[in-house]
Amino acid sequence: MTTIAVDHDDHHDHVPTGIKRWLFSTNHKDIGTMYLIFALVMLFLGGGMAMLIRAELFMPGLQLLNPDLYNNLVTNHALIMVFGLVMPAAAGMANWMIPMQIGAPDMALPRLNNMSFWLLPAAAIMLMMSMLAPYFGTGGPVNTGWTLYPPLSIQAGMSMDLAIFTLHIFGISSILASINIVTTILNMRAPGMTLMKMPIFVWAWLMTGFLLILVMPVLAGGVTMLLFDRHFGTSFFDAAGGGDPVLFQHLFWFFGHPEVYVLLLPSIGVLGLIVPTFSRKELFGYKPLVIFMIILTLLGLVVWAHHQYTVGMSLAVTTYFMIGTILISIPIGLMIFNFIFTMWRGSITFETPMLFAIAIIVMFSFAGVTGLMLAVVPADMQYHDTYFVVAHFHYALIPGALFGLYAGVFYWLPKWTGHMYDEKLGKIFFWWTTIGFNLTFFPQHFSGLAGMPRRIIDYSHQFAEFNMISTVGAFVFGLSHILFLYIIIKTVRGGEKAGDMPWEGARTGTPGLEWTLSSPPPFHSFETPPEVK
Amino acid sequence: MSKLALWARRICATGMGLVAANVAAEMKLNLPQPASPLTAEIFDLHMLTTLVATIIMVIVIVLVIVTLYKFRKSNGSEADHNFNSSKFGTWGWILVPVIVLGIDLSIAGPGTKTLKNVETFEEADLTLKIVGSQWKWTYEYLDHDISFVSTLNNEDISSEGYLREVDNQVVLPTNKRIRLLHTATDVLHNWWVPAIAPKKDSIPGYINETWTNIDREGTYYGQCAELCGTRHAYMPIVVKAVSQSEFEQWIASKQQEKVAALAEASANKVWDKGALMARGESVYTRTCAACHQPSGEGLPGIFPALKASPIALGDVAAHLDIVINGKPGTAMAAWSDQLNDLEIAAVITYERNAWGNDVGDVVQPADVKAAR
């Protein structure tokens, strides 16, 4: 399968070189690469924090950290993983792949694209300042967890203000990126590429983009009100001034729950390409999958209060949120079903991306069923704020979001770099990281049920065994990422030459436009729009 | 007692200790044994959802394994490109909403029923108001007009009760309907004793309600479940459930204690410095040391030091003011309702004369009364 569009990029390209190429880049692939590198840096930063947290929890007693630093690490680990790792990595893949998959030369708004990336390092630096501020005598650190609930968040020092500005900048960045992606998808498709012919990854990102544009401003509003309460004498969240601490929780989770789908959907989209490719068979039930993805998006907007069942809402409201939350199992169930029946009667091989995809199907289902348990209010009144919840959302977000991105990296690295990665190392990384992950988080279901609350630095002896297993698992999981980094660097530097379509299964599984370009693709993806039949 | 009998006793005691340690070391896998009809109902609901979850997982895993095994390429499986246009390929997806909706309803039904029970607030025999503060619980028995503060008192890591035991246990009668009211003075807290009641947040400005009816005598443990700052991990709860008669005795003794303490504090007695310092140290350890530290040095950047601080060394009126009224916007609470005149006088005297602070003055209960 060689190609059409390879040879006409050299004549009229002025590829800038050196620092200018990156700093002033308007090229979707270069910006995509920067997004991915940024995410990789954040992966190690946030992961390092997780290692510190787990090391402290290895056994009862205080060993490494003090409680405020611990709470600060818990907060920053979450903020970095959500805003610094998963969202930028997914945006990086969108940047790389969406123009290539819909037959566009580049993103619709290339300069905006540059800005939305370069806001990220600024936000990351601001977050580091927030971590360091307490050591310069500016009051206590952000010790609230990523939810920033008042009144605790009112007590912290300047660290909190910096965290609020960090969220503003991350938020602006992702709103701009989303506007760009949605505009690109709606306006830049090649002739004949109707909405219902788009690859499922593009659909997933269209939904993600809409969600981000809808909910990010709510978070921005909520944290701005927090800022006003802290410094300008307002009492939005202060009961003594006529405000309401629970209002913040509603604002936060109105953003926070859709945010979960923002993290999940791009990976579901990646899965929707990988499973057909390595089953050598088209995606099962494309149309229902798209429809149920839209339903998931809409449902995701109206179930936020299941994160706060214990705040004392009325019976009617609580019942509504319970039923709504339980119904989410239908679109999620359909996704799992469709992926399994894509493999059914296929011709399956087990390359690294496919191994990840299969593991995701199983482990994400597990997060789904514990989610079903958590949706039931009276039971949640026991699970709420325990390690059961910690285990649940790590099962949702690590397989559901992070492993999907890993799968995407292995799937597309040959396309991006022109080199095949080392399949043997890839498989070792898969098993290493999957075993480490399960060893870390599976036991946490039990320590949660036994009564261990979240976000505690120290615990009584009854929880010691499970925490010890968890910590060992966490280090197995964490260290596997050194291999991940090595595989990526090795692939970028060289390796077996990858063809235009590195996976022969894609011919029958996902015969998309991206495979008609060379590997690595030309600087401008499609200069003459391809015809889609 | 003969020597032999003494040894026999010792061996028995050691043996029992070992058994007890083994039982404690046994890994707990599930929610604790419920001790009230409500938590028992929730426990059953939890077991039902766990069962449903397990069945779904078994189906998914079996289906995935069969698919991978049967349709692997190395087995010679060829992709069936007509599968998607077959009848199952076109309409098979409808199975999912139907089956999943069925599962959902099987959970939502009992869930709604139990939820109604959780939220049913009948006339209670006893009302306990629980106030969360950084980092202690204040219990008010509204029917008996007594209240007390309860804090962690076991930080000995070698002991079994590490981080679990408190200085003042909550005592509740069995087989009585008890209303639990939850609120907080500073930040969010959550009073959670899984065996006796489901949790609801303690929120400043809100009063949340839960209820219980403990059906077994015993001691039940729990702790704060909502992140509340530095010492969130150090806010345990111990509930002792006793018979009605024992409970009445306990109430009577608490009321006597209260009368005695009030009499002592309000008497216009002038205390000497030594006695105030001794009392002040115990009040300080109980209520202040969590933040300002036993050494009075605070935690730099988080909690101010009292040692050599302008307030502890300065004007006594300002010192009285900050202890009685707190400092809004910070973790410094107003202590006027929680400490009596004598306790405030003692602790201020202590703070002004301990750790090298040498103001030398003595604050009397009468001064506190005047300052209130």
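**Exercise 1.** Describe how helix α3 (residues 67-102) and helix α6 (residues 158-187) of chain A cross.

*Solution.* Start with the axes, which are lines fitted to C-alpha atoms over the stretch in contact, with angles from 0 to 180 degrees between N-to-C directions. The two axes come within 11 Å and cross at roughly 20°. Angles under 35 degrees count as roughly parallel. The helices α3(A) and α6(A) are therefore roughly parallel to each other.

Next, find the contact; two residues are in contact if their C-beta atoms, placed from the backbone, lie within 7 Å. From α3(A) come residues including Phe83(A), Met87(A) and Ile102(A); α6(A) gives, among them, Phe170(A), Ser174(A) and Ile185(A). Sort them by type: eleven are nonpolar, two polar and none charged. Nonpolar covers Ala, Val, Leu, Ile, Met, Phe, Trp, Tyr, Cys and Pro; charged covers Asp, Glu, Lys and Arg; the others, Gly among them, are polar.

This model is predicted: local features need pLDDT of at least 70, side-chain atom pairs 80 or more, while totals for chains, interfaces and linings use all residues. Residues are numbered from 1 along each chain as its sequence is written, and chains are lettered from A and ligands numbered from 1 in the order written.

Methods: Helices (H or I, at least four residues) and strands (E, at least two) are DSSP runs, numbered from the N terminus. Angles under 35 degrees count as roughly parallel, over 145 as roughly antiparallel, 65 to 115 as roughly perpendicular and the rest as oblique.
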